[in-house]
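I opened this notebook to keep track of what I looked up, entry by entry.

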Amino acid sequence: MEKIKDLIEKKVFNTPFIDTHEHLIDECERLDCIKPIIPCDDWALLLNLYFSFDLISAGISKEQIDCLFSNRVNPNNKWGILKEYWPHLKNTTSGIVFRHTIKRLYEIDDISGDNIRELQNRYEQTRRKGFYKYIIQDVANITHCHVNSPNIACKKSESPDLLLQDIGLNGLIQVAINGYSVPGNFQINSLSDWHALIDWWFSEYGKNAKAVKIGNAYFRKLDFERTEANEVEKIFLKKIKLQVNSPEEDKKLQDHLFWYSVDKATEYGLPVKLHTGQWAMNNVMNMRWVKDNPSDCASLCRNSPDTKFIFFHLCYPHYEEMLSLAKNYANAYVDMCWSWSMNPLAAKDFLKKFILAVPNNKIFTFGGDDKIVENVIGHAFVARKGIAQSLTELVTENWITMSDALDLTDDLMYKNAEKTFNK
Ligand SMILES: [Zn+2]
């Protein structure tokens, strides 16, 4: 038993990941502390995404959160804000991600009032030109990342071999007229102008992008129905004149733009990555919509058999349904990004079942889904730990052999991604 565990762990920890989902800005933007993505430039920044949502869930006040991530509060005083909540969060996976990150990167075993100055020093010493490559490739053993940029639908990264870009379609589907989706030189007066805008993003970036990313599950059900342009032209005009549409009208318009964009992605050979399941952020998740995600996803797969749909986050907590979906539909793939840091035991359970139930070429096992590069170290650690456990258990429970487990590791960690995203 011990030998099997050691051998598999050694293989998994020495195998590079292709990381199929992050929200990283470029290194130069991070060093410039662009707002609002980088609210402060100290050690607390590492807690600024998933950990902060858990802090809110634990009951921290808005004032305390604002202080924790403020540029105006002395970093040495920030432990005073965190310490009340730390005992309740240090054993959640978002706490484990942070602890492992500071251990690997700064050689600090655990945060306390005694080592905040040291933590801040090490943060500053590390956050220097070249630290992205050092963290991603040298420390986290990741070949490259797929990036869904948080500040623009798509761009040419300053590190195109390290941060490969997806095209973010949320704003184009929701008709959000802002800098994220609409470059300054675009005049929008009609639905055909909007179609031309979508076409432009694809002609500009479709050749180099790895996929498109759709996160609209945060705002609606995934029941996108095919809708003709002439059915939504008037609704579109009302939308751009900032007149109020009914929820049914808004849905219809989004349905049309969703399929317009998805058909375009399919034409360009780009897989379509979709958020499903658990929502990040607090106190708004519509669990009824979430529950319907798997059956809505099945309709999407039926509706467009030539499109490769990649479903994110195991549709947590409804992951059994996603096994059923991926087993049945040839165009349904699963990306385990964020899953290991959300609920690693559910992710381990899912991966074991996936290996035994679904053809193993349709899964990608890692994405930190983070905007702070340092955290990728902690996310990759919990993912590798979970993958190694899944494989070890399958071998010791006599489902697969040791050599099958070792072979499978390469497919799960990078080969599947290499093949699927190599258009
Ligand atoms: Zn994401």
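I began with P317, which sits in the loop between β7 (309–312) and α15 (319–328), where helices (H or I, at least four residues) and strands (E, at least two) are DSSP runs numbered from the N terminus. A cis peptide bond joins Y316 to P317, with omega about 10 degrees.

I noted that the model is predicted, that local features need pLDDT of at least 70, that side-chain atom pairs count only at pLDDT 80 or more, and that totals for chains, interfaces and linings use all residues. Residues are numbered from 1 along each chain as its sequence is written.

In the loop between β7 and α15 I also found C315, which is not a glycine and yet has a positive phi of about 50 degrees. Is C315 buried or exposed? C315 counts as buried, with 28 C-beta neighbours inside 10 Å; the cut-offs are 20 or more other C-beta atoms within 10 Å for buried, 12 or fewer for exposed, and partly exposed in between, with C-beta atoms placed from the backbone.

I then looked up N283, in the loop between β6 (272–274) and α14 (287–303), whose phi is also positive, near 65 degrees. N283 is exposed, with 8 other C-beta atoms within 10 Å.

My last entry concerns helix α9 (residues 131–139), in which Y132, I135 and I136 are buried. Seen down the axis of α9, these buried residues fall within an arc of 85 degrees, so they line one face of the helix; the arc is that of the directions from the helix axis to the C-beta atoms. Just after α9, I noted that N141 takes a positive phi of about 55 degrees.
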